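Please open the model in the viewer and follow the stops below in order.

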Amino acid sequence: MTTLITGGTVVSATGRTQADVLVDGETIAAVLSPGSTLLGHDLAGSVDRVVDASGKYVIPGGIDAHTHMELPFGGTAASDTFETGTRAAAWGGTTTIVDFAVQRAGERVQDGLAAWHAKAAGQCAVDYSFHQIIGGVDADSLAAMDSLVDEGITSFKLFMAYPGVFYSDDAQILRAMQKSADLGLLTMMHAENGPAIDVLVEQLLAQGKTDPYYHGVARAWQMEAEATHRAIMLGNLTGAPLYVVHVSAKQAVEQLAIARDRGQNVFGETCPQYLYLSLEEHLGAPGFDGAKYVCSTPLRSRAEGHQDHMWQGLRTNDLQMVSTDHCPFCMKGQKELGVGDFSKIPNGIGSVEHRMDLMYQGVVTGEISLERWVEITSTTPARMFGMYGRKGVIAPGADADVVVYDPQGHTSIGLDKTHHMNLDHSAWEGFEIDGHVDVVLSRGSVLVDEAGYHGRPGHGQFVKRGLSQYLI
Ligand code: DUC
Ligand code: ZN
Ligand code: ZN
């Protein structure tokens, strides 16, 4: 099957140009001057399919490097399966996800990874890979890290939060970072001081402060900034490159910036919720509505200016990319587990469908450039997590993961509008986007076009990742 995407503006992390994109099978064959011919023949007449992208942007498919499909959490499990979550991703122009395989204390890392492979295999509409959560750092799990690179898993996540669940203490973090420095793995860190947060949770609940809003009070910015600093110092000591996930506090960005200015290999990711939503308006919504917005790290105070600072960090490259931390829980039967006790609300927001649109809105409002949009949603995730060349770029030889995005289009987000996530509410209800995902190709197959959805479970393949390009 050959496809010609014609008439569009091809946007990369470094520039934009009028060009036609020729797709042959699963990969990009050529990026051509508009109207190029083949041996004197009109190219459009020689291919199997023509996609008219006139007046539109042609960008590399989005890469969401932080999702949690089916994650068991807080006595329930994230409501999107790999099937429903990757279908929603495709609708929104995301053609690769990197999810998290889980190892818990006492379990074998190999078993955790095998379990996540079993969940995802044959289910995904778009390509997928895994980071490895090490929830129990001990001699066995440290030894198991040796084989991760061969498995195509080149990044692992530790938690400074959630004592008794995923938590690692400083001694465990130190050992795991020493190992990752040896192996060239990227250490991803959930940076919040879990034991201190648990004290505040207990005190707030004892005072009768049980509403979702207090989730944000207990998980104060100091908890994030302190843990970020500690992770940076342990990274500095061990020489382990560090990637801090879901950064939401401006003071945490400051810690990253100081470390980067010192020359340390540290990186930060933020998420759409930390750019758009706030402690006051959303976690503090009337009644139990704030539960929709309970995630960790939490939404921050707009009065304190965290959201503006996240945009600034994306502009200055103190933050390198935007993932969703997609971890959806329905209100009914899931979020409502925490009625009367905010600490029992399962943590997470569903956004995998909307990341490309929400971030494009930053282009519309002048927060970021068009090229930076592509960079933070696709190119840097590919480079950071060892997929660049195959993913994250429109160039000959790359997978034909391509999105045609219409800047004149419009997207109304809401349950009865654009909503394909397996969720009974949307944290993004009522958001109006100037822009629209028109066509989505994954490895040369059209998943979405004006006629609707053409994807299928099992199209998506596991991506064996190489080492991060950011390690040196
Ligand atoms: N944060 C969330 O909001 N959900 C899942 C785990 C996490 O760290
Ligand atoms: Zn986390
Ligand atoms: Zn997460």
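Select K157 in this predicted model: K157 is buried, with a relative accessible area of 1%. Next, select H190, which is likewise buried, with a relative accessible area of 1%.

Now display the zinc ion (ligand 2). Which residues coordinate this ion? They are K157 through NZ, H190 through ND1 and H246 through NE2, at 2.1 to 2.4 Å. Along the chain, the donors follow the spacing K-x32-H-x55-H. K157 belongs to strand 13 (residues 155-159) and H190 to strand 14 (residues 186-190), so this pair ties together parts that are 33 residues apart in sequence.

Why is the arrangement around the zinc ion (ligand 2) irregular? The 4 donor atoms subtend angles of 82 to 127 degrees, and a tetrahedral assignment requires all angles to lie between 85 and 135 degrees.

For the next stop, select Q320, in the loop between helix 12 (306-316) and strand 17 (321-322). Is Q320 buried or exposed? Q320 is buried, its relative accessible area being 2%.

Show the side chain of Q320 together with G268 and D318. A polar atom of this side chain lies 2.7 Å from the backbone nitrogen of G268, and one lies 3.4 Å from the backbone oxygen of D318. Finally, display the surroundings of Q320: beyond its neighbours within four places in sequence, Q320 is in contact with R260, F267, G268, R372, I376, T380 and M384.

Definitions and conventions
Residues are numbered from 1 along each chain as its sequence is written. Chains are lettered from A and ligands numbered from 1 in the order in which they are written. This is a predicted model: local features need pLDDT of at least 70, side-chain atom pairs count only at pLDDT 80 or more; totals for chains, interfaces and linings use all residues. Side-chain values use heavy atoms; hydrogens and water are left out. Donors are N, O and S atoms within 2.8 Å of the metal (3.2 Å for Na, K and Ca); water is not among the atoms, so sites may look incomplete. Four donors count as tetrahedral if all angles lie between 85 and 135 degrees; four count as square planar and six as octahedral if opposite donors are over 155 degrees apart and all others between 65 and 115; anything else is irregular. Helices (H or I, at least four residues) and strands (E, at least two) are DSSP runs, numbered from the N terminus. Buried means under 20% relative accessible area, exposed over 50%, partly exposed in between (1.4 Å probe, protein chains only). A polar contact is a pair of N or O atoms within 3.5 Å; within protein, one must be able to donate a hydrogen and the other to accept it, and residues adjacent in sequence count only if both atoms are side-chain atoms. Contact means heavy atoms within 4.5 Å.
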